[in-house]
Amino acid sequence: MAENTLQTPPASIESTTTKQPFSRKKLYETTGLVILQIIMTIWVITFLVPTIWMISSSIKASTEVFAHPIVWIPEKPEWGNYTEVFELLPFGKFAVNTVIVTGLAVLGTLVSSMLVAYSFARLNWPGKNIFFSLLVATMMLPDVVTLVPRFIMFRSFGWIDTFLPLIVPYWTAISALYVFLAVQFLKGLPIELEEAALIDGASRLQIIIQIILPLSKPVLATIAVFALLQHYNDFMGPLIYLNSLENWTLALGVRGLNSSYASNWEIIFAASTMMLTPVFLLFVFAQRFFVQGIAMTGFGGR
C-alpha cells in the first residue's frame, strides 16, 4: 500500500501541470485576437471617415461643410438639402433610367453568362478549349481599347442617345469574368443529375432551367452583385452614349450637379448619399450569398 501511494502522484499536482500550458496558449490566442480586432476596427474606421463626413455634410448648412475644426454633427440638420436635389435636376427620372439600364443589363448578364458557361462546362464541341482560352484572355484587355470601335459600331446602328449600347452587349456574354466564375461553379456540380434527366427525355434547355439554375443560386447571386455594382456605378458608358438630359442615369446626374452647382457642396453630398444608399443595402442583404458564391467558385483560398 505504501509503495502504491509513493509511485502515483496526487491528482492535484497532475491537473496543475497539465492545465498550465493550455491556459497560457488560450491566453495568447485570446490576446492576439483582441489586438487583431482593435487593429482591424481602427483600419475600418479610417476608411469610413470620408463616407461618414459625406453623410454628415449632406445635412449641414453651407457654412458648416468646410468649417475648421470639422463639424461632425450639425447644430441644425438641413434635411431640405435632399429635397433641393430633386428641384435642381430631375433625379427621379435619373433613378428610373438607372433602374431600367441596370436591371436589364444585369438580367442579360445572368442569362448569357450561364448559357455560355454551360456550353463550356458541360458540352463537347470542336475548339472548345481554344475559344475558352480566348474568352479568358479578353479579361486582360482594357475596355478603353475597344471604346472607339464600339462607339463607331453603335453610331452606325443609330443607337446613340438610347439605352441600347448600355444593355444589348451584356446579353451576349461580353463579361468574361462572369462566364469564368460560372464555368468554375458548374464544373463542381455532379454530372449524374444531367445524365439522369437526359435518360428521362429532358432537353438541354429543360436541364438548365429545372436543374442547373436552382443549384446555381450562389454563383448567380455573386454575378448579380458584381454586375449590379458595375452598371449602377457606370459613368463612362452613359457619358459617351447618352446626350439628352431625360436619358441620364444617376452617375451622370451627380456629375452634372457637381459641374453646375459646385458651390453648393451640401447638395452634392446629399445626392451622393442617396446614390450610396442602395449599394449599402445591397451589401447588407446579399453579403451571405456573395461570400458563399466566391467560396464555391474556386476563389475562397482552396
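Does E194 count as buried or exposed, and at what relative accessibility? The legends below take up this residue and then its surroundings. The structure is a predicted model, in which local features need pLDDT of at least 70 and side-chain atom pairs count only at pLDDT 80 or more, while totals for chains, interfaces and linings use all residues. Residues are numbered from 1 along each chain as its sequence is written, and side-chain values use heavy atoms, with hydrogens and water left out.

View 1. E194 counts as buried because its relative accessibility is 3%, where buried means under 20% relative accessible area, exposed over 50% and partly exposed in between (1.4 Å probe, protein chains only). The residue is placed in helix α9, residues 192-199; helices (H or I, at least four residues) and strands (E, at least two) are DSSP runs, numbered from the N terminus. The side chains of E194 and R122 are joined by a polar contact of 2.3 Å, that is, a pair of N or O atoms within 3.5 Å, of which, within protein, one must be able to donate a hydrogen and the other to accept it, residues adjacent in sequence counting only if both atoms are side-chain atoms. With neighbours within four places in sequence left aside, E194 is in contact (heavy atoms within 4.5 Å) with Y118, R122, R204, I207 and I212.

**View 2. The largest nonpolar core.** This core, a set of buried Ala, Val, Leu, Ile, Met, Phe, Trp, Tyr and Cys residues joined through side-chain atoms within 4.5 Å, has 28 residues, of which V179, V183, L186 and I212 touch the most other members. At least two residues each come from α4 (91-122), α5 (128-137), α8 (176-186), α10 (204-215) and α11 (217-232), and α8 gives the most, with nine residues. Not counting residues up to four places away in sequence, L186 touches M114, A117, Y118, A121, R122, I212 and S216. Another core, of 26 residues, lies apart from this one and has I167, L250, L252 and M275 among its members.

**View 3. L48 in the chain as a whole.** L48 is placed in helix α2, residues 11-57, and counts as partly exposed because its relative accessibility is 40%. The secondary structure of the chain comes to 14 helices and zero strands, and buried residues make up 33% of its 302 residues. Among contacts in the chain with a separation of 6 or more, 71% are accounted for by residues 24 or more positions apart.
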